Amino acid sequence: MKTCIVSAPFDPVTHEEIRRLLNAAKVNGFRKIYLYASEEGILPRRERIRMLKLAIRPWRRLELYEGSDCPENMIPLNSRSEVTVRQGRYDLAAPGIKKILIEEGPYLSETLNHLCSPHRAAHSRSVAMVCRQLAEAHGMDADQAWRAGMMHDMTKGFSDEANGKIMKVYTPEMMEYSPKVWHSYTAPVYLYHYLGLRDHKILEAIRHHTLADGTGDLDRILYIADKIEPSRGYDASKEMELSRQDLKKGAELVLAESKQYMREKEGLNV
Ligand SMILES: [Fe+2]
Ligand SMILES: [Fe+2]
């Protein structure tokens with residue numbers, strides 16, 4: 001029986017790639033298809049191989065090429081679907097690795113770059129950093145807080161029309177609010193369905209991050225971090241210090257300052 005070696009970045013390996021490989025094995029009568037993760041990729045090769053091993057575990061015809069050399073006569077695999085996954089369709093990744101993509105967030109930066117403007121992506125990274133610092137100060141899950149920061153504005157770049165369509169289906173009662181806050185409600189829907197996020201603490205924190213109407217610790221951390229992250233360009237050391245000691249008081253201070261700012265600068269009665 002024949003074998004062959006197929007090469008791709010597997011950055012990450014997708015459901016479509018696995019399906020195509022299995023189909024090729026069946027149609028061409030391959031006993032084994034060996035998979036070679038090419039050198040170049042966004043993630044380090046060892047990370048891509050870790051995920052590839054998990055993804056092919058159920059399939060006896062697919063096996064990792066373990067040689068350290070770069071084998072000749074490799075067949076290149078069309079890897080376009082990997083880009084789609086990295087850009088925010090984690091639901092299209094190979095089933096065995098979806099959990100890693102959402103729980104470890106190795107492509108969150110790539111996803112942000114695709115869904116958001118450079119300015120918003122930088123803001124989100126900065127929010128994530130402050131979220132991590134505050135979570136560490138309170139003995140909470142710092143990685144979870146970092147992910148909440150990275151994901152909180154993911155649908156803010158969507159048009160009002162696109163966000164409105166999601167709102168009409170999932171949270172029509174919140175459409176009375178300004179379109180500026182709609183992304184708080186559409187991001188959890190997007191994250192749940194396309195990224196497969198099932199972390200309800202993160203989903204809730206994102207839902208509450210514009211109106212500051214959450215009462216959980218992560219809700220408060222995200223609200224505070226969103227308002228005081230360094231790229232906003234003002235000295236927030238007082239707010240940060242208070243938040244390190246007491247999240248409730250920190251969130252109350254930041255909210256009061258935000259309301260005052262809007263009254264003074266924009267003439268809004270909030
Ligand atoms: Fe936001
Ligand atoms: Fe934000």
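**View 1. Surroundings of Asn163 in the predicted model.** Leaving aside neighbours within four places in sequence, Asn163 is in contact (heavy atoms within 4.5 Å) with Thr155, Phe158, Trp182 and Thr186. The model is a predicted one, in which local features need pLDDT of at least 70, side-chain atom pairs count only at pLDDT 80 or more, and totals for chains, interfaces and linings use all residues. Residues are numbered from 1 along each chain as its sequence is written, chains are lettered from A and ligands numbered from 1 in the order in which they are written, and side-chain values use heavy atoms, with hydrogens and water left out. Asn163 is found in helix H8 (residues 160-170), helices being DSSP runs of H or I with at least four residues, numbered from the N terminus. With a relative accessible area of 3%, Asn163 is buried, a term that means under 20% relative accessible area, whereas exposed means over 50% (1.4 Å probe, protein chains only). The side chains of Asn163 and Thr186 are joined by a polar contact of 2.7 Å, that is, a pair of N or O atoms within 3.5 Å of which, within protein, one must be able to donate a hydrogen and the other to accept it, residues adjacent in sequence counting only if both atoms are side-chain atoms.

View 2. The protein donors of the iron ion (ligand 1) are Asp153 (OD), His183 (NE2) and His209 (NE2), which lie 2.1 to 2.2 Å from the ion. Asp153 coordinates both the iron ion (ligand 1) and the iron ion (ligand 2), and the two ions are 3.5 Å apart. Distant parts of the chain are linked by Asp153, in the loop between helix H7 (142-151) and H8, and His183, in helix H9 (residues 183-194), 30 residues apart. Asp153 and His183 are both buried.

Key. Helix = DSSP H or I, 4+ residues; strand = E, 2+ residues; numbered from the N terminus. Donors = N, O, S within 2.8 Å, 3.2 Å for Na, K, Ca; no water.
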